[in-house]
Amino acid sequence: MEKILNHFENTEDLKNQASGFHHLSKNEKLELLEKIIKPKNANAGAFLNLIYPGETDKDIQKYIRMLFHKLKTAGIKTEEPKISGEPVLRKIEDKKEHKGFMSNYDDFNTRVVLSAFEVKKNNFIFLNGTVHFTDGLVELLTAPVDKKGFEEIVREYRLGTGEGMVFVDISSRYAGYILEEESKRSGKYKEDISQLRRFSSHVQDSIRKPEDIYGLECPETAHSLDIEKILTHVIFEPFNLTWSSIEEDKKEYSSTGNSTIVLPPYMVEEKKQAFLKALLEKDDFNAIVPSIKRMLEDYAYIFYSLKELPYYRGLTDCLRDPGAPLNVTLHFLRKSLDTEEKKEEGLIVNPYG
């Protein structure tokens with residue numbers, strides 16, 4: 001402290017003395033400040049300006065501001081203190097709430113995707129989409145809704161899910177991505193989707209596109225399940241592939257291996273596998289494999305939202321194999337040929353459709 005006082009009149013050395021000030025104890029700082037203010041000269045003001053930005057003790061900061069006031073009232077011209085860090089009065093950010101939801105596919109191969117963007121406090125722009133596995137976005141309801149109304153819609157959807165159906169929270173940006181993606185497939189609701197981009201472009205969700213799903217935080221303790229096990233999960237149960245010649249193909253598939261000569265089981269299986277692979281060559285299946293991949297990515301997100309992490313990890317691990325979507329397509333193709341007639345009602349109820 002004495003060293004600072006001894007060099008205090010040397011204007012060129014003030015920076016070095018100010019640096020030494022921050023190494024003093026609180027009591028030493030207060031004592032030093034009392035002494036340097038007595039001459040009430042320009043050096044005192046310059047010194048205060050140098051030490052104030054680096055001072056963290058609130059009592060010392062308050063005392064320095066009082067000393068600035070004393071200098072001003074004494075007629076000493078001095079600059080205002082340079083304050084670092086956040087200002088005391090800072091602009092309150094308007095943090096808006098944005099929501100997204102989706103279901104898995106029901107037994108009509110449709111699912112719902114909801115996206116809601118808060119445009120002002122407790123008021124949302126709400127998009128309610130119905131997506132068909134092969135046809136894309138087939139229905140879209142767009143409307144303003146208040147928070148209470150939106151929560152009621154979500155509640156009704158949760159209550160309306162039947163056996164094998166789930167309805168989970170997802171990021172609003174990803175819900176918007178799905179609606180835009182499926183609109184391109186169906187060629188419908190282009191204008192509404194264009195408006196959606198206006199509301200969603202500024203939202204900083206961590207999950208915006210399918211590739212973001214692969215890197216979600218997952219503890220090492222969550223083991224990775226095999227795809228055979230994953231496909232037995234209840235959320236896959238309602239889904240079946242459909243195509244134009246399915247009834248004829250069912251008959252041919254069921255009769256595969258029937259002949260006057262009794263074939264061993266392995267030969268019957270080989271014939272059925274060959275039949276399934278031949279089916280994939282039909283025009284109906286040109287877009288099926290990419291669609292299966294997208295479904296699996298969305299279902300990985302569903303598993304993550306449900307906190308069923310071994311299923312999430314197993315599915316994302318599987319999808320890193322380029323051949324996985326084709327193998328899963330064959331699984332669903334066989335399931336669809338073996339299945340009985342569908343029920344007359346879907347498994348998810350749209351309360352506002």
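This is a predicted model: local features need pLDDT of at least 70, side-chain atom pairs count only at pLDDT 80 or more; totals for chains, interfaces and linings use all residues.
If you skip residues up to four places away in sequence, Thr142 touches Phe126, Leu127 and Asp192. There's also a distance to Ala116, which sits 26 residues away along the chain: the two C-alpha atoms are 9.7 Å apart.

Now let's zoom out to the sheet. Five strands make up an open sheet, and reading across you get E4-E3-E2-E1-E5, with antiparallel pairing. Which strands are at the edges? Those are E4, residues 136-146, and E5, residues 167-170, and each of them pairs on one side only. From one strand to the next, the twist averages 20°.

As one example of who faces whom, Phe126 stands opposite Ala143 in E4.

Two helices to point out on this sheet. Helix H6, residues 147-160, packs on it and touches E1 (98-103), E2 (110-120), E3, E4 and E5. The direction of H6 makes about 140° with that of E4. Then there's helix H8, residues 190-200, which also packs on the sheet, touching E2, E3 and E4. For H8, the angle is with E2, and that comes to about 50°.

On to the aromatics. How many aromatic pairs are there? The count comes to 17. I'll show you two. Take Phe124 and Phe150: the ring centres are 5.4 Å apart and the planes are at 25°, so we call this pair stacked. Phe124 is in strand E3 and Phe150 is in helix H6, so the pair ties together parts that are 26 residues apart in sequence. Both of these phenylalanines, Phe124 and Phe150, are buried.

The other pair is Phe239 with Phe332. Their centres are 5.0 Å apart with the planes at 85°, so this pair is edge-to-face. Phe239 lies in the loop between helix H9 (227-230) and helix H10 (246-255), while Phe332 is in helix H14 (residues 324-338), so here the parts tied together are 93 residues apart in sequence. Phe239 is buried, at a relative accessible area of 0%, and Phe332 is buried with 0% as well. Both rings belong to one aromatic cluster, which is made up of Tyr105, Phe133, Phe236, Phe239, Tyr299, Phe303, Tyr311 and Phe332.

One more ring, this time with a lysine: Lys272 lies over the face of Tyr253, 4.8 Å from the ring centre.

Last stop, another threonine. Thr316 lies in helix H13, residues 309-319. Thr316 has a relative accessible area of 4%, and the cut-off for buried is under 20%, so Thr316 is buried. Leaving out neighbours within four places in sequence, Thr316 is in contact with Ile213, Tyr214 and Ala300.

That's my tour, and I'm happy to go back to any of these on the screen.

Key: Residues are numbered from 1 along each chain as its sequence is written. Side-chain values use heavy atoms; hydrogens and water are left out. Two strands pair if DSSP finds at least two bridges between them. Helices (H or I, at least four residues) and strands (E, at least two) are DSSP runs, numbered from the N terminus. Axes are lines fitted to C-alpha atoms, for helices over the stretch in contact, and angles run from 0 to 180 degrees between N-to-C directions. Contact means heavy atoms within 4.5 Å. Buried means under 20% relative accessible area, exposed over 50%, partly exposed in between (1.4 Å probe, protein chains only). Rings of Phe, Tyr and Trp (its six-membered ring) pair if their centres lie within 6.5 Å; planes under 30 degrees apart count as stacked, over 60 as edge-to-face and the rest as tilted. A charge sits over a ring if NZ of Lys or CZ of Arg is within 6 Å of the ring centre and within 35 degrees of the ring normal.
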